[in-house]
Each structure stands twice: as C-alpha cells, then as structure tokens.
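Work through the exercises below with the sequence and the model in view. Each task is followed by a solution in steps.

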Amino acid sequence: MGNTTTLSDNPRVSNPANTNGSKSGLPPATSPKSDLMGLQSLRPDDHFHSYPEYFVERRHEECIRCLVCVRQCPYDCTYYDPDRDVVYNVHQNCVNCKRCVAMCPTHCIRIERFDSGFRDNGHWGTHLVRGLRKQADTGGVLLTGLGNDLPYPSYFDRIVLDASQVTNPSIDPLREPMELRTYLGRKPESYRPGSPGEVFPNILCEIPVLFAPMSFGAISYNFQHGLALAAQEMGTYFNTGEGGLHPDFRKFRDSVIVQVASGRFGVDPDYLLSSAACEIKIGQGAKPGIGGHLPGEKVNAEISRTRMIPVGTDALSPAPQHDIYSIEDLRLLIYAIKEATEYTRPVSVKIAAVHNTAAIVSGIVRAGADIVVIDGFRGGTGAAPMIIRDHVGIPVEVALAQADQRLREEGIRHQASIIAAGGIRNSADVVKAIALGADAVYIATSAMIAVGCTLCQQCHRGLCAWGITTNRPDLLPRLPADQAAGRLTGLLRGWQHEIQEMLGLMGLNSIESLRGNRLKLRGVGLTQLELQTLGIRQAGL
Amino acid sequence: MEEVISAKDLYYRELNARIRQKARAGVEHIRLTDVQGHRYIACGLQFKNLQLRVSGVPGEDLGAFMDGPTVVVENNAQNGVGNTMNDGRILVHGMAGDVVGYGMRGGRIYIRDGAGYRVGIHMKGFKEKQPMLVIGGRAGKFFGEYMAGGYLILLGATGGSTGPVVGDYCATGMHGGTIFIRGKVEEYKLGKEVKAFPLTPEDESFLRPILVDFLESFALDVNIFDFDSYQKIVPVSTRPYGKLYAY
Ligand code: SF4
Ligand code: SF4
Ligand code: SF4
C-alpha cells in the first residue's frame, strides 16, 4: 500500500446520517497512522458498524494538493491536513461515488473495496452483516436508493433475437425507411375508411422510449430540466413523478406526462392541463405496496412550495390511495381526471409488477385506463426500504408477457397501451420488451447513468455527488441542464439507430410489426414453464 | 339571470359538458335540477364567478380538482366532495360521504351535517393558500390523516344523532395544518405525532368569524361559541416517521 494513508482514531469519523449540510469546520486529524489494522483502536461501542466499505487510495507523490477532491466530496470523506500538507480520507464515509476519482487532475485516487476482514461466507454476505450492524446501531429501517441489486436471474439475458437469413431478407435501415413511431392510448374498436368511429386521444412517441417518473425533489431541478429538453428534442416524454411540475417547466407541456399519486402533490387543474397525458401512480416496482417517501432532508423551500408541505417534513405519499380500494374506485379517479381534462388526454395507470399482474391489468383497462405501466422489480427509486426494494415484486419480463397475453385473450388489448418499466438497460432490452408485448418502455436508471450516475445508491441522502438526485445549491451546478439534455439525447439517438438495426435484421420495417411478436424471441437456459410463462420458444426450435 | 339545466336522462359526461359550455358562454348562475347521482359535477372548473346550485343528490367527486366556482348542494352529497380541490367554495345542505376534501389545496368546504370516513386527509397548505373544511356534525375514522396544511374544523353540533364526535385514528401521520374539534376526543384516538391543546384567545378570534359565516350560510341557530369545549390539534413533530429509518 506504500504511500496510502488510513486513519485510526480520527475525530472526523461521523455517522453518515449526520453529515447532511456540514462540509467544513471539522477539526484536522490527529496522528493518522499508516497501519490498516489501526482500525482496531476504534472503540467498538462508538463505531460498531463502521468497518469501512471502501478504501480511498491516494498516490501522494502524484498529488499536487489542489484540494479538488476535498471540495468535491459531499460525504465528508476527504480532508486536508495543513500541518502535514497531506490529503487524508475518512474511509468509513466513502460511498464509492467516484466523484473525486473523476475530478482529480492527476488521477492519483483509486477507490478499492475494503477487505473488512470478514471471513468469506456463502450464506452471510457482507451486505447482510453490514445491514444487521447498522440496524442494531440505529433501530431503523434501512433506507436506500436506486433498484434491486441482488443477483436474481434476468430473463432479458436469457432471451435472444431472431435474424433473417436467405429466405426472408433483412432490411438495411440506412437505405430504407424504418418506422419507430408509436402512438400510446386507446385505439378505436374498428376502423372503416370514412367512418373511424369514436377516436380516443393518443400521444405520439418518435421513439418507443420515455423517461420514467422521477419527481422534482427526488431528482434535481437541472436533471428534470435536462429530461424535459431531451424529451422535447427527441419527440418523446418525461414524467413529473408525483412531486408536481415546477412553473418553469410548464412550457414543456407537450412533452410531459404528469403524475397523480396518493399525496396529490402539486395537483391542480393547471397541472393536469399542462401535460400530454396524466398518470395515476398506484405502485412502483422498487417498492410494491408501499408509498412514496421523500426524506425531510430533501424538502427545501422550493420543494415545499411545489408540494405544499412544510419545509423539512417527510413528503409522504402512502399506498394505497385512500380513495381507491377497488377497480371501481380506480375508475372514479380515472374519470375524474378525464372530466377535468375534458377527455383530451390519455390517462395512464402505473402499477408495480406483482404476482397477479395480468388480472390486475385487465381490471385497470376495464376501469378506463388508456395506458398501463407495469414496473418491474429492478426499477429504481429515490428512497425505499432496502428490504422491500430487494425482495418484493417480480421481473417485468414475466409480468409484461402475462398481461399482454391476458388482454389479447380477453379481446381488450387495443383498449390500452402497455409501457414496460424497471431495469431496461439497453436497446436490446427495449426490443425484447416490445416483442413480449409492450408498446413502449420507460427508462430512469439508464438515463441517470447517461448523465453521470455511478450507481452508489445514495440517492435517498440528497447529497448526490453528481448533482442528479440532490437540490443542495452547491451540488446542483454539477449537472447543468444543457449538458444533461445533450447526453440524454445522445443516448436516445444511439438506441434509435440500434433499434432500427435490430428491426432491419429481423426483416421488419416498423416497430408495429414487432409488438407482441414473440416469434422473434427464443429462450436460452429456461425451463419449459418459464418459456411458457414468457410465451416464447426454446432456441433451436 | 339564473339558467337551468335539467339532468334528467343525461349521462354525467353530457351534463358536465353542458355546464362547461354555459360557463364558457359567460353564464354565472346555473341551477341543476333532477340531479340523481351524477358524478364529477364542477370537476376541474376554473370559472371564478360561476355559481352552481344543485337540486337533487350529486354523485361522487363533486368539485374534484375544482378551481374557483361556488357550488351549493341543496341535499346530501356523496363520497369525494372537493377531491384535490384548489379554490372556490362548496356548501352542502346535508351530510357528505367519505373522503371529503382529499388532498385539498385551497378554497372552502362547509358540510352542514356529518361526514364519513377519511375526511380532510392529505390536506395541504402553503403560506397564505390554506384550505378550510368545516363540518357541522360528526365525522368517522381517519379524520385529518396525513394532514400537511390548512384548517379542519369539526363542530359536532348538527345532524341529529348522538355519539362520539370523531372516530379512531384521528390525525394519524399529521405533519402540518390545524384541526379544531368541538367536543371530547379521547387520547387514544389521536396519532402519536399530534397533541391536543385548549384554545388560546387568538384561536377564538380566528374561529369566531368562520363559525358565524358557517351558521349564516345554512341559516342555523345553534350555540357553537362555547370555546371551552374545543380542542386544537396540531402536530408536535414535522417528521412523524423521521426516526423510522437508518441512512
Ligand atoms: S467523492 Fe465519493 S468516492 Fe471520493 S471519497 Fe468522497 S465518497 Fe468516496
Ligand atoms: S484532487 Fe488529486 S491532486 Fe488534487 S488534492 Fe486531491 S488527490 Fe491531490
Ligand atoms: S443518482 Fe447520484 S446518489 Fe444516486 S446512485 Fe447515482 S450517483 Fe449515487
């Protein structure tokens, strides 16, 4: 480890929960020892759970003492000792957000997984041990951000796509038109030229990828602004989440889906009308069965204004919506929104993927929803209890396949569009989801990664080092809206080309022909029952 | 000039379209007759000067998302009165069902008699924009649940029947706003995050004009100025669940 430095009895070691807002004014370290095992000198009672998870290694001979890393770390992890002219770290506090690594002009910082010394154990994983200790320490529910990170098998990764060879030539998207346009909303019962019958409002997506609900408060003002600009540029939509629509963003009315959740934050007629579509949030894939929760740390004056709740309170949006206890009650709210918007917009209903999704989706469509969103268990969140994020809900692939199948069997598939959400990682996932029956997909985590997210899972703390999930004034400028918009546009353009390529190689020239076209999918390494549940065939057959 | 729309044999969608049409044409006084459970009356309407009189019993979500008009119901009302209402006034000459004023953000609702469960839940408030919901009679469980702002006033004075003024789980999860209840609320009914206090002279002078207005609105003659029997319920913590989580 040569020049690296660790600390032992460092007074700056602090409980991460208390670091909010305090960036300076902490006393310098006393006699940092260069011995890893110096940790033993921590009094166990004080720091029972503070075995560092990461280790910040710095090559001091290359460090030019510019202190960029000190200024950039929002987690009170890095400090400068002027007496020794050395930059040190409080390893316990490091969350591996990699901000300092990226910003260090000499690239002399490396974050390593800290070998805490726990013996390898196939049953008691380190994350479990850490969780238990932290709970014993605090008596609290472990809160986290982002999506389920446990190694459950992925169905997307066991599905492969077909390609045309000889008998059915593929299409070159560079030479021939390739249609990705998708209309979301209820379709007419029948169509006869000249007498279209009742026509329902639909929204047009130039690419079947929309930005998932992320509320202002959970994410930064700039990031939401970036999502809005990119959605507008690419002919798709962003979604307010349940935190209301900031007055500055009302100008994006043609590119926004506004959400109505149980907390009804920021919901008034202007809000409903400042939209392309309205969405009722029943559930979220990251935390099925429980409600929204914006920790009080993140409720500043601006959030308080848009949500109409006191500053510093937890913004609670419990499940259920206390006026919805049945499909009939859901119908009441769907039509209340349709009345308030004079039937000019599709109304979407978003649920988490759970065991009975197919039957629930059928009920939702019969209740009058024009779009149903099925959010799988890999979906992200700004804040959720880890135990729920990691253990509740089902993969979107199976929920989607079953729901699509069910609606077809019941002859009501045309009455609503389906958006699949929760862990869509690349354009192949998009294509597979559409072939499994989705009309379009929502992405959130992919979009966050596109603008710098390093998956550190600290979103609930409101200190995001990349300025994505924070509204702290000093962190906000780290993600300028135009930069976010540029990167998001880049991501969608890349996916657009890839989706066109994949359609072309399957011999298709429009996304319409892919929807629910499970013949284009094959399973690898799946059981008979899994293939049947997904409605796809075994590879080779 | 008051214009009349008969709701007889009209589906709610048609009835509401006609109301909007008249309001857009500048009609300021509309009387609805033969209303029989028609849903969404005045839903989302933003006409500040519109006055709507409803003869008959309206259906669910009367005045949902409403943003300005005044609605007077001559009878009882159904569930969901003033759901997520933003501004305006609703007067119900009778009782109302469940979930009155859900997520209400502004304006006033007066219910002459009692109301059902989950009244005033998720009410909001910001600075001078504070909604107010006054109920002359009694209310059921979950009164003021998750309340975040505004005023919720329960008088226990009208509606005839006797019994406890409010049900269990009163003000559970409340973290903002103020509840005034006339009558006894047993300690066990209150959420842990709130406390009940006797009224201060300021509270009395705040309440007096509201009570006078309420009585006048319904031409009632009952004594509800016995401020000793009132309690004021306010949150003692803005983060009722703050300690529940480990970061
Ligand atoms: S900036 Fe991030 S990675 Fe660097 S020390 Fe701080 S917490 Fe660790
Ligand atoms: S950013 Fe790099 S060079 Fe600058 S003080 Fe930190 S470690 Fe040294
Ligand atoms: S958004 Fe920020 S806090 Fe959340 S995981 Fe990504 S980098 Fe970490």
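Helices and strands are DSSP runs numbered from the N terminus, a helix having at least four residues and a strand at least two. The model is predicted.

**Exercise 1.** Locate A:Ser190 in chain A and decide whether A:Ser190 is buried, partly exposed or exposed.

Solution. Step 1: strand E7 covers 182-184 and strand E8 covers 203-205, and A:Ser190 lies in the loop between these two strands. Step 2: the relative accessible area of A:Ser190 is 42%. Step 3: buried means under 20% and exposed over 50%, so with 42% A:Ser190 is partly exposed. Step 4: A:Ala484 is 294 residues away from A:Ser190 in sequence, and their C-alpha atoms are 42 Å apart.

**Exercise 2.** State how many residues of chain A and chain B are in contact, and how much area the two chains bury.

Solution. Step 1: 51 residues of chain A contact 40 residues of chain B. Step 2: the two chains bury about 4100 Å² between them, 59% of it on carbon and sulfur atoms. Step 3: on the chain A side, A:Met308, A:His322 and A:Glu339 lose the most area to chain B, together 18% of what that side buries.

Note on methods
Residues numbered from 1 in each chain as written. Chains lettered and ligands numbered in written order. Predicted model: local features only at pLDDT ≥ 70, side-chain atom pairs only at ≥ 80, totals over all residues. Heavy atoms only, no water. Buried < 20%, exposed > 50% of the residue type's maximum accessible area, 1.4 Å probe, protein only. Contact = heavy atoms within 4.5 Å. Buried area = accessible area lost by both parts, 1.4 Å probe.
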